[in-house]
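Q: Please take a close look at one part of this model. I would like a connected account of the residues there and what surrounds them.

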Amino acid sequence: MCSITNDPNAALANWTSSRHCNWFGIACDPSTNQDISIPLVETQLQGEISPFLENISDLQVLDLTSNTFTRHIPELN
C-alpha cells in the first residue's frame, strides 16, 4: 500500500504474510475476502502513499488520520 519510511510503533509488522485480511488495520468482507476498510489512525506512519490503492475496488474506508504521508490519496474507484 505504501512505501513506509518510518513505523515507530511497528503497526505494520505483520504485513508480511499473504493473508492480508489478518493484517493489522485491514478489515475484509468475510464472504469475498475483499478489503473494505483500512483504518490506520494515529499509527505515526511516515512515507509515500502508493497508487496501488486505486486497484482496491471494494474499499469503503481509508483513514490515515494522524500519520505523515506524501503524495495525494489516489482516487478510489
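A: S57 is partly exposed, because its relative accessible area of 48% falls between the 20% and 50% cut-offs. This is a predicted model. S57 sits in a loop, the one between β4 (46-49) and β5 (61-63). Along the chain, S57 and D35 are 22 residues apart.

D35 belongs to strand β3, which covers residues 35-39. D35 is buried. It has no salt bridge. The nearest side chain of opposite charge is R19, and that lies 11 Å away. A salt bridge would need a distance within 4 Å. D35 does have a polar partner: its side chain makes a polar contact with the side chain of H20, at 3.1 Å.

Leaving aside neighbours within four places in sequence, D35 also touches other residues. Its contacts include I26, A27 and C28. Also among them are I56, D58 and L59.

UniProt, in an unreviewed entry, places the feature "domain: Leucine-rich repeat-containing N-terminal plant-type" at residues 5-29. That span is 0% helix and 16% strand. Its end C-alpha atoms lie 29 Å apart.

Now the aromatic rings. The count comes to 1 aromatic pair. The rings of W15 and W23 have their centres 4.8 Å apart and their planes at 25°, so the pair is stacked. Both W15 and W23 are buried.

Technical notes
Residues are numbered from 1 along each chain as its sequence is written. This is a predicted model: local features need pLDDT of at least 70, side-chain atom pairs count only at pLDDT 80 or more; totals for chains, interfaces and linings use all residues. Side-chain values use heavy atoms; hydrogens and water are left out. UniProt positions are given in the numbering used here, feature names are shortened, and annotations may be inferred rather than shown by experiment. Helices (H or I, at least four residues) and strands (E, at least two) are DSSP runs, numbered from the N terminus. Buried means under 20% relative accessible area, exposed over 50%, partly exposed in between (1.4 Å probe, protein chains only). Lys and Arg count as positive and Asp and Glu as negative; His and the chain ends are not counted. A polar contact is a pair of N or O atoms within 3.5 Å; within protein, one must be able to donate a hydrogen and the other to accept it, and residues adjacent in sequence count only if both atoms are side-chain atoms. Contact means heavy atoms within 4.5 Å. Rings of Phe, Tyr and Trp (its six-membered ring) pair if their centres lie within 6.5 Å; planes under 30 degrees apart count as stacked, over 60 as edge-to-face and the rest as tilted.
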